[in-house]
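Please look through the points below with the sequence and the 3D view open beside you.

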Amino acid sequence: MAVARIAFDLVSPERLLLSCEADMVTVPGTEGYMGVMAGHAPLVSTLRAGMIDVNKDGKDDRYFIRGGFAEISPTKITVLAEEALPMTEMDLAVLDQRIADAQEDEIAAKTDADRQKAAQLVDDLKLVKAAF
């Protein structure tokens, strides 16, 4: 018996990065990571910076995103990302620079909300670096 798959589209402002059928897609929701499979309840969620894992045929393709939205239905998930990069194109030096920039933003933040947002980005980027 064939395993039900879910259609997945990953879109950034520049281009459509991926359109495929996946066994499961894991996205970085604002409240934590969530796995999405065929038959998932309909949902719209904001996304934070982090990793998207696309599992198909026992293999994982990973993408870094810097926030966005996910629209989920029982048959499809669409991610509209502020920025998205395949991890195969990610450079450790670039990631280190992004972490340093986010830390500077955290120090320079004028409000608690801006400081908290920058601190969350630093934490998310460090998690991506740990997965490198």
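How many of the six residues of β1 are buried? Strand β1 is mostly covered, since five of its six residues are buried, where buried means under 20% relative accessible area, exposed means over 50% and partly exposed lies in between, with a 1.4 Å probe and protein chains only.

1. Basis of the note. This is a predicted model, in which local features need pLDDT of at least 70 and side-chain atom pairs count only at pLDDT 80 or more, while totals for chains, interfaces and linings use all residues. Residues are numbered from 1 along each chain as its sequence is written, and side-chain values use heavy atoms, with hydrogens and water left out.

2. Overall layout. The protein chain holds two helices and eight strands, and from the N terminus on its elements run β-β-β-β-β-β-β-β-α-α. Helices (H or I, at least four residues) and strands (E, at least two) are DSSP runs, numbered from the N terminus. The radius of gyration of the protein chain is 15 Å, close to the 14 Å that the globule rule gives for 132 residues, so the chain is as compact as a globular protein of that length. That radius is taken over C-alpha atoms, and the globule rule is 2.2 Å times the number of residues to the power 0.38. Along its principal axes, the C-alpha trace spans about 55 × 30 × 25 Å.

3. Of the 132 residues in the protein chain, 39% are buried. Among the contacts with a separation of 6 or more, 50% come from residues 24 or more positions apart, a contact being heavy atoms within 4.5 Å.

4. Strand β1 and its partners. Strand β1 pairs with strand β2 (residues 16-22) in the antiparallel sense over six bridges, where two strands count as paired if DSSP finds at least two bridges between them. These two strands form a hairpin with four residues between them, and Val11 has Leu16 in β2 as its bridge partner. With β7, in contrast, strand β1 pairs in the parallel sense over five bridges, and here Phe8 stands opposite Ile77.

5. Ile6 in β1. Ile6 is found in strand β1, which covers residues 6-11, and at 0% relative accessibility it counts as buried. Leaving aside residues up to four places away in sequence, Ile6 touches several residues, including Cys20, Val36, Pro74 and Ile77. The C-alpha atoms of Ile6 and Ala41, which are 35 residues apart along the chain, are separated by 12 Å.

6. Strand β5 (residues 43-56) and strand β6 (residues 59-72) pair in the antiparallel sense over 13 bridges. One of the facing pairs is Val54 with Asp61 in β6, and another is Asn55 opposite Asp60. In a regular strand the side chains alternate between the two faces of the sheet. Strand β5 is also joined to strand β3 (residues 24-29), which runs antiparallel to it, by four bridges, and Thr26 has Asp53 in β5 as its bridge partner.

7. What is the phi of Asp57 near? The value is near 55°, which is positive in a residue other than glycine. Asp57 lies in the loop between β5 and β6, a hairpin connection with two residues between the strands, and Asp57 is exposed, with a relative accessible area of 56%.

8. Other partners of β6. Strand β6 pairs with β7 in the antiparallel sense over five bridges, and a hairpin joins the two through three residues; in this pairing Gly68 stands opposite Ala81. Strand β6 also pairs with strand β8 (residues 84-86), again in the antiparallel sense, over three bridges, and there Phe64 stands opposite Leu85.

9. Thr78 in β7. Is Thr78 buried or exposed? Thr78, whose place is in strand β7 (residues 76-81), is buried, because its relative accessible area is 18%. Apart from residues up to four places away in sequence, Thr78 touches Asp9, Phe69, Ala70 and Glu71.
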